[in-house]
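Here are some notes on the model we talked about.

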Amino acid sequence: SVRWQPVDNTRPIRVMRIIARLNVGGPAIHVTLLTAHLRPPAFDSTLVCGHVGPHEGDMAYLAEAYGVTPVYVPELGRELSPLRDLITLFKLWRLMRQLRPDVVHTHTAKAGFVGRVAAWLAGVPVRVHTFHGHVFHGYFGPRKTALFLTLERLTARLTDRLITISPALKEELVSVYHIAPAEKIAVVPLGLDLSPYLSTSRHLGEFRRQHKLPADAPLVGIVGRLVPIKNHALFLKAAQRLRQSHPDAHFVIIGDGELRGSLVAQARALGIADAVTFTGFLRDLRPVYSDLDLLVISSDNEGTPVSIIEALAAGVPVVSTAVGGVPDLLDGGRLGTLVPPGDADALAGAMVSALRASPEERFALRQQVGEQFGIERLVTELGALYRELLKSKRSRGS
């Protein structure tokens, strides 16, 4: 059998980070930044992922920009498949025996299951998993949800530390879904490279010119995949109501996905097609946030939306449904406006109020968000956690 060499000060801590795929969204940004920043001399990081689906935006370009070269395991797809998952399990186990990581840190449900089982079988000293959200509400039917709950409870027993990105998510995992006891779960908020957004000037006009948007109209945007959980239909209903008090308001839907056709049809049916622009997936969001007057989240469930952090760092006010980790992220409504999920009237009313926010308020928020959600804080916290877990394992001789 392979024996892991004890970690000491003579070599970096080897970290293998596993995610299902680098599709558009916060988790892909998160793992890319961590892999890039946890580097020698203190760490040596490897990012492992599967391939993005044919109808998803691919963020592999971001990994390339940060000098990260992922190791691809093609079978690490989204859907559970017994045969494919066994192949994935074997490939990950073999890779771990070759690279001998001190820490395996998994992200997203599918990668979390096969990655942690492989790490346990391979004898990896420390196994960590991050919940960026969860799939126990709003994603699947009762039988599939029950299966995911069972798998998560089982793999939690193979895990040294579970991480959530908000206190509310931890509370859900402990008290509602009974995934693991509270002492096994650490709260580590997201950290992002916010310098591009903090330094972006307001209302440069580049995004409006590029997409032929009116120069002076209130501009309200939503950023995210066009999938059911994001509830863009609610955003469009609220947009129609907002137009009654702001007839010149314009709306941009940034992202792509399976619902694009039906959302275009809905905008037409609501009589606001001329006021709604679908941009598709955009790589560089700095011009978007520069020109937006308001960012909206209309989701039925969320982890910690990266778009909220980026928007606040760029000085854009935020209105969101109070779901998942968003209330924690917005500090109970101090950093942005929270509304009940599924309520188009409440969402529209909050949008009207938020459009009146003063520039002075937004500037103060930019500074706070930059300090609270910067990548440096995240790297420091996770590095300390890895060292603590390795030290604990070493002291127990396991």
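The points below go through a few strands, the cavities and one histidine.

1. Ground rules first. This is a predicted model, where local features need pLDDT of at least 70, side-chain atom pairs count only at pLDDT 80 or more, and totals for chains, interfaces and linings use all residues. Residues are numbered from 1 along each chain as its sequence is written, and side-chain values use heavy atoms, with hydrogens and water left out.

2. Take strand 12 (residues 318-321); helices (H or I, at least four residues) and strands (E, at least two) are DSSP runs, numbered from the N terminus. Val318 and Ser320 are buried on one side, and Val319 and Thr321 are buried on the other, so both faces are covered. Buried here means under 20% relative accessible area, against over 50% for exposed and partly exposed in between (1.4 Å probe, protein chains only).

3. What sits beside strand 12? Strand 11 (residues 294-297) pairs with strand 12 in the parallel sense over 3 bridges (pairing needs at least two DSSP bridges between the strands). Leucine 295 has valine 318 as its bridge partner. The chain gets from strand 11 to strand 12 through helix 12 (residues 306-313), a right-handed β-α-β crossover: with the strands pointing away from the viewer, the path from the first strand over the helix to the second runs clockwise. Strand 13 (residues 337-339) also runs parallel to strand 12, joined by 3 bridges, and threonine 321 has valine 339 as its bridge partner.

4. A cavity is a set of points on a 1 Å grid over the protein atoms alone where a 1.4 Å probe fits but cannot get out; lining residues have an atom within 4 Å of a point. Points are joined across faces, edges and corners, and a volume is the space filled by probe spheres set on them. There are 2 cavities of 30 Å³ or more.

5. The largest cavity holds about 50 Å³. It has 10 lining residues, with Ala109, Phe113, Phe148, Leu151 and Glu152 the closest to its centre. Helix 4 gives the most to this lining, with 5 residues.

6. The second largest cavity comes to about 40 Å³. Its lining includes His30, His105, Ile163 and Leu382.

7. Last, is histidine 246 buried or exposed? At 18% relative accessibility, histidine 246 counts as buried. It is found in the loop between helix 9 (232-245) and strand 9 (250-254).

Conventions
1 Å grid on protein atoms, 1.4 Å probe; cavity = no way out; pocket = protein on both sides within 12 Å on 5 of 7 lines; lining within 4 Å.
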